[in-house]
Amino acid sequence: MRNVVFFDGVCHLCNGFVDAVISKDKNHTYLFAPLQGTTAEEVLSAQDRTNLDTVIYFESGKLYYRSAAILKILTGLGGAYKLFSLAWIIPGPLRDVFYKLIAKNRYSWFGEREFCRLPTPAERAYLLP
């Protein structure tokens, strides 16, 4: 399986992140799947699927969570995004304090959709069910 970004399909912030990565992913490195979808059901544990406050990144058979997932995704875009690799010097638990603060407040700060995003025709090749 290719690299898959699992995200909360009803979160505006999460969907904005997906939109941004799709627009910058010139090598089409990533596929995307909502945590509420069938692909997540096939790949992730039940606990991972119910934990909607995290982005999960699947690469080479390994799962990355929260800030580690975000850093892996952003640095994988290449170019200036490789500068995000500098954030690896910050210990994961400290990075995740900020991640969890944003995740906890994402619906109140950024809003929530009633259902998962519908892909544009150009995005359909990158979004998994």
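Visitor: How exposed is R66?

Guide: R66 counts as partly exposed, at 23% relative accessibility. Buried means under 20% relative accessible area, exposed over 50%, and partly exposed in between (1.4 Å probe, protein chains only). This is a predicted model, where local features need pLDDT of at least 70, side-chain atom pairs count only at pLDDT 80 or more, and totals for chains, interfaces and linings use all residues. Residues are numbered from 1 along each chain as its sequence is written, and side-chain values use heavy atoms, leaving out hydrogens and water.

Visitor: Which side chain does R66 meet in a salt bridge?

Guide: That of D96, at 3.6 Å, N to O. A salt bridge here is a side-chain nitrogen of Lys or Arg within 4 Å of a carboxyl oxygen of Asp or Glu. Helices (H or I, at least four residues) and strands (E, at least two) are DSSP runs, numbered from the N terminus.

Visitor: And D96, buried or exposed?

Guide: D96 is buried, with a relative accessible area of 14%.

Visitor: How many salt bridges by that rule?

Guide: The count is 2. K72 and E59 also pair, at 3.0 Å, N to O. K72 lies in helix α4 and E59 in strand β3 (residues 56-59), so the pair ties together parts 13 residues apart in sequence.

Visitor: Switching topic, which residues touch the most others in the largest nonpolar core?

Guide: V5, V21, Y30, F32, V55, Y57 and I73, out of 23 residues. Such a core is a set of buried Ala, Val, Leu, Ile, Met, Phe, Trp, Tyr and Cys residues joined through side-chain atoms within 4.5 Å.
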